[in-house]
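Try each task before reading its solution.

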There are 2 protein chains.
Amino acid sequence: MNTVNLKQLAKELNLSVSTVSRALRDSWEISTPTKQRVFDLAKKMNFQPNPYASSLRKHRSRTIAVVIPEVANNFFALAIKGIETIAREKGYHVLIYLTNEDGSEEMSVAANLQSGRVDGVILSLSGETKDMRHLVELQQRNIPLVFFDRVCDSIDAPKVMTNDYESGFVATEHLIKAGCQRIAHLTISMSLSISHKRMKGYTDGLLRYDKPYEDNMIVHCEGSDEENYKKIRDLLASGQRPDGIFASVEKLAVQVYHACRELGLEIPGDVKIIGFSNLVTASLLSPALTTIAQPAYEMGKEAATILFRRLEKKYILTPDDRVILPARLEVRNSTL
Amino acid sequence: MNTVNLKQLAKELNLSVSTVSRALRDSWEISTPTKQRVFDLAKKMNFQPNPYASSLRKHRSRTIAVVIPEVANNFFALAIKGIETIAREKGYHVLIYLTNEDGSEEMSVAANLQSGRVDGVILSLSGETKDMRHLVELQQRNIPLVFFDRVCDSIDAPKVMTNDYESGFVATEHLIKAGCQRIAHLTISMSLSISHKRMKGYTDGLLRYDKPYEDNMIVHCEGSDEENYKKIRDLLASGQRPDGIFASVEKLAVQVYHACRELGLEIPGDVKIIGFSNLVTASLLSPALTTIAQPAYEMGKEAATILFRRLEKKYILTPDDRVILPARLEVRNSTL
DNA sequence: AAAAGCTACTACAACGTTTTCGTAGAAAAT
DNA sequence: ATTTTCTACGAAAACGTTGTAGTAGCTTTT
């Protein structure tokens, strides 16, 4: 509990509270010698202005919220790092909220943020989010919102994303060129636009190369890890086994490896695998995993930069800036 | 910017601000019908109390800070998840600060936290931290501090850690029993007590099994990733090549894999490897990595639980509770 | 010499809550 | 019938800061 405040400094210096406040903010209204006296004492007493008093008065908290589905995942961890880096530079504080892919948790977080606790929000949708009212309400309260990765197309807000459609296409194309005849796609919640886009890239890829689209080659992995694993294993154990798999997220690619191991399938001999992933160990897996790697750190930095531009009203930009940072294909042995 | 406040509710209901405030907190001083009227209107107008006004008045922010060296690392990411889970349950908010292993960043964060912005702090030391004054000052301001993993022995505060000494011993013992004659230890900053303990476990392990301790088998990896990699490669390329390596942190184990690949060394044939790690892909590496896995999520939860116990003054415990959550050895092919 | 302007400060209200103290009116006790 | 107690509410201060509106004392302008 902090206890040294402006009043104490003022009394000690025989000045008014307002003078001390202004001196500390280096106002031109205060004479240099007075400023010096104030600075010295503030330093000596280790004065730290109460941020809550300041926020209350100024209607600005210099705090932002980052709302993400999970953190134990290289993509989001790197994004946080990017956001935190920019926030630090700008003197902002970062509150973190994990929704655990749960739409109702996301709603309650958003509702809470309407209190004015933060000046702005950077958000990546949970897989379960269907209803966007909570986000619209945030905007109605004039709390700037920036999406990253899992964006919401129906809300008019800046978005930082990767080229999901192209990446989906490229991934599929890559598998086809590697000789795959029957390619499966493992996707997460189809309420996410990234899922749609990646899937569209996949289907267009099949189309472009005259490969048939088969319904049962689409595996919706929206359940628990165990349920997803079971679905993947069933796919691989079925008579209709695919010879190529495109995983839309990292954890699904990892599960394919486990399933192949359990079933005694060889990668890339029996099945080739490509997945969206930021695994640092991709190249060390057995075999090394071909990935679509998103520029997670840069996306975090970009999202934060856009948000701060809004907060500092420095933008005469379009109301709906949309930044696309391309993912890159990293070919490794799993699709040899 | 939030705009509906107590005053507006009060006017609308023909009540005083104090009555509305009390009604919302379900005070016994307010009649049931009045409470109901207040609740209804608050809900209808989507009233969210201003947290800054509240914090200012109550001298409590219901916010904690988590200060960690990095986040793009499974251990810390899981710890954050644990902390956030408990914080959510308790209705607390979580500010996150990354020190990037930089002692001066840690200092400036700690100095800033003296403002009273948070009710408590959960911290894992940066590798560069030598001077602990900034943390002592935090405590002097009555801001409870809980350490986890990279604790500071010289400060009297609760600590949540793993059995680093035993784990170091077990790791070394495991390598010896696997047939290693010359075991190297890759360590990070020796100003961290975890490094000391893990190292002591290592040296005691050597001693116990009559293996010689050699200075040049200790590699201090405190520099950039590139520098560390070079040191590791040099070690493996030297005439004095070890046949076992104990990496004290995850990223160093990963670098050993890369170095072995570059040098054409076979794991575990030429070199066996064990490392502290929470990699989800440990079992999928080529070969699978034997790990000492820390219960990261549980450690985060435990640290948060202890902190909240302090914040809610519910503890009649020892002033210096120290919780040790044991790591577990997961034997895989890299030490076959 | 009076008016205007400037410099360096101060007083005070305001931000939105919570809390302490107080009180009107009804019910209960004497 | 008077006093006491209780119930349900209100007025106002306080938290620590910042912004607006002064103002005393000096210098400059007319």
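**Exercise 1.** Sort the surface near DNA strand C by residue class, then find which helices build it.

*Solution.* Keep in mind that this is a predicted model. Start with the classes: the surface near DNA strand C has 10 polar, 9 nonpolar and 6 charged residues. Then go helix by helix. Chain A brings in H2 (17–24) and H4 (51–58), while chain B brings in H1 (6–13), H2 (17–24) and H4 (51–58), each with at least two residues. The largest share, 5 residues, belongs to H4(B).

**Exercise 2.** Describe the side of chain A that touches chain B.

*Solution.* Count first: 40 residues of chain A are in contact with 40 residues of chain B. On the chain A side, H4, H5 (74–90), strand E2 (93–98) and H11 (250–263) each supply at least two residues. H5(A) gives the largest share, with 6 residues. By class, this side splits into 21 nonpolar, 15 polar and 4 charged residues.

**Exercise 3.** Which strands pair with E10(A), and in what sense?

*Solution.* Take E9 (residues 272–276) of chain A: its pairing with E10(A) is parallel, over 3 bridges. Here A:Phe276 sits opposite A:Ile292. Now take E12 (residues 328–330) of chain A, which pairs with E10(A) in the antiparallel sense, also over 3 bridges. A:Thr291 has A:Glu330 as its bridge partner there. Last, check the side chains. In a regular strand they alternate between the two faces of the sheet. In E10(A), A:Thr290 and A:Ile292 point one way, A:Thr291 and A:Ala293 the other, and all are buried.

Note on methods:
Residues numbered from 1 in each chain as written. Chains lettered and ligands numbered in written order. Predicted model: local features only at pLDDT ≥ 70, side-chain atom pairs only at ≥ 80, totals over all residues. Helix = DSSP H or I, 4+ residues; strand = E, 2+ residues; numbered from the N terminus. Nonpolar A, V, L, I, M, F, W, Y, C, P; charged D, E, K, R; others polar. Contact = placed C-beta atoms within 7 Å. Buried ≥ 20, exposed ≤ 12 C-beta atoms within 10 Å, placed from the backbone. Pairing = 2+ DSSP bridges.
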